[in-house]
Amino acid sequence: TRLARTVAIKVLDPQHGKNELSQGRFCREARAAAAVTHENVVTIHHVEYDEAKGVSYIVMQYVRGRSLQDMLDSDEKFSILEVVRI
């Protein structure tokens, strides 16, 4: 809020939050994304594990638009050009 940014927050499902393997994968995902600087990869701002709450989360750049999951769940047909673009 101090930087007046809109961000996306990805939270590791709490049922996996205490699992070391899941936490490791989540952290590796954040590190891998943070290591890349490219217009097609979101910027990672912060990664945190709140031990008191047992919650891991990644704070990242917000990208406006429909999620890929929403697009896949729709009955919409996609052209080859749209598939390649995605």
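**Core, sheet and pockets of a predicted model**

Guide: The largest nonpolar core comprises 7 residues, namely Leu12, Phe26, Ala30, Ala33, Ile44, Ile58 and Met60. Its largest share, 3 residues, is supplied by α2. The model is predicted, with local features needing pLDDT of at least 70 and side-chain atom pairs pLDDT 80 or more, while totals for chains, interfaces and linings use all residues. Numbering starts from 1 along each chain as its sequence is written, and side-chain values use heavy atoms, without hydrogens and water.

Visitor: What makes these 7 residues a nonpolar core?

Guide: A nonpolar core is a set of buried Ala, Val, Leu, Ile, Met, Phe, Trp, Tyr and Cys residues joined through side-chain atoms within 4.5 Å. Buried means under 20% relative accessible area, with a 1.4 Å probe and protein chains only. Leu12, Phe26, Ala30, Ala33, Ile44, Ile58 and Met60 form such a set.

Visitor: Why are β2 and β3 called paired strands?

Guide: Strands are DSSP runs of E with at least two residues, and helices are runs of H or I with at least four, numbered from the N terminus. Two strands pair if DSSP finds at least two bridges between them. β2 and β3 (residues 55-61) have 6 bridges in the antiparallel sense, so they pair. His46 stands opposite Val59 in β3. In the hairpin of these strands, with 4 residues between them, Gly54 takes a positive phi near 65°.

Visitor: Why do β1 and β2 count as edge strands?

Guide: The open sheet of 3 strands is ordered β1-β3-β2, with antiparallel pairing. β1 (7-11) and β2 (44-50) each have a single partner strand, so one side of each lacks a neighbour in the sheet.

Visitor: What makes the space of about 700 Å³ a pocket?

Guide: On a 1 Å grid over the protein atoms alone, a pocket is an open set of points with protein on both sides within 12 Å along at least five of seven lines, and lining residues have an atom within 4 Å of a point. The largest pocket is lined by 22 residues, with Asn40, Val42, Val63, Arg66 and Leu68 nearest its centre. Its volume of about 700 Å³ is the space filled by probe spheres set on points joined across faces, edges and corners.

Visitor: How do you know how the lining of the largest pocket divides by class?

Guide: Ala, Val, Leu, Ile, Met, Phe, Trp, Tyr, Cys and Pro count as nonpolar, Asp, Glu, Lys and Arg as charged, and the others, Gly among them, as polar. That lining therefore divides into 11 nonpolar, 5 polar and 6 charged residues.

Terms used:
1 Å grid on protein atoms, 1.4 Å probe; cavity = no way out; pocket = protein on both sides within 12 Å on 5 of 7 lines; lining within 4 Å. Buried < 20%, exposed > 50% of the residue type's maximum accessible area, 1.4 Å probe, protein only.
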